[in-house]
Amino acid sequence: MEHEKLGHEPTLSHMFMTCYSKKDGTPANALVGEKIEQMKMLHASGASSDNGNDAYYKVIGNGKYGRVNLYGLGVKAADVNGTVPSRKASHHAALQLQARNEELQKELNELRSIVRENRMQGNPSDSSNALTPNNHVQASTSVTQSPIEAGMDVVLMSITNPSEKVALGKVCSVDPSTEVGDEELGPNWCEVTIQVPIVWEERLIRSYGSFKIMGDATGASIAWPLSLLLVDHGEDQF
């Protein structure tokens with residue numbers, strides 16, 4: 001009933017004032033009145049937490065272990081506050097989150113380093129040296145003899161494994177001033193529309209809103225380094 005009136009779960013302070021007050025709102029007795037005034041003073045001074053339970057415990061004290069004061073028999077703390085994990089479980093979860101955060105930070109730093117290197121390259125054709133030996137001759141020949149231009153069908157190579165084909169697309173622009181996702185391409189980058197993702201989970205070098213992986217960007221335009229493009233001559237690229 002109190003929950004419906006307040007629009008939220010009543011605090012222990014509110015429950016105490018309601019249960020130990022008369023219909024006209026006056027305290028049931030002098031001792032109750034004293035306790036209520038102490039709770040109100042704690043609330044007014046900001047010395048208690050916002051949930052209202054802190055003031056109650058400071059004035060009345062903690063109840064028996066496993067029980068919640070003023071909620072009747074059979075009501076446990078977990079029923080009111082939800083399941084509280086043990087200290088060991090909380091510590092383990094914190095360690096897992098920290099380890100995952102370190103992994104993500106390392107991955108982010110690696111991607112930033114790769115992007116920085118690609119932006120600093122002066123000649124797109126020279127960047128073919130970054131490819132593996134097995135793919136070096138093909139990539140160098142494709143990029144050198146057929147410079148990447150707008151309208152070309154291309155094969156996108158992986159940022160982490162330059163010998164792996166990750167998507168088929170069409171070049172929209174090679175103008176460094178072209179903006180993709182509110183960011184200029186910059187030198188040695190181009191705008192590509194993804195037509196067929198080959199490696200769906202390949203991470204995009206620059207993410208755009210909800211687009212994080214190659215599969216997300218199907219049919220959309222993304223920025224991709226010229227050094228990681230091969231001209232698609234219509235052969236089977238899979």
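Start by selecting residues 153–157 and 165–173: these are strands β1 and β2, and they pair in the antiparallel sense over five bridges. (Strands are DSSP runs of E with at least two residues, helices are runs of H or I with at least four, and both are numbered from the N terminus; two strands pair if DSSP finds at least two bridges between them.) You're looking at a predicted model, where local features need pLDDT of at least 70, side-chain atom pairs count only at pLDDT 80 or more, and totals for chains, interfaces and linings use all residues. Residues are numbered from 1 along each chain as its sequence is written, and side-chain values use heavy atoms, with hydrogens and water left out.

Now click valine 154; its bridge partner in β2 is glycine 169.

Pick serine 173 and you'll find its bridge partner, glutamate 191, in β5.

Zoom out to the whole sheet. It is open, with five strands in the order β8-β5-β2-β1-β9 and antiparallel pairing. β8 (221–225) and β9 (229–231) each have a single partner strand, so one side of each edge strand has no neighbour in the sheet.

Last stop: select Leu104, Leu108, Arg112, Ile205 and Lys212, which are among the residues lining the second largest pocket. (A pocket is an open set of points on a 1 Å grid over the protein atoms alone, where a 1.4 Å probe fits, with protein on both sides within 12 Å along at least five of seven lines; lining residues have an atom within 4 Å of a point.) Helix α6 gives the most to this lining, with seven residues.
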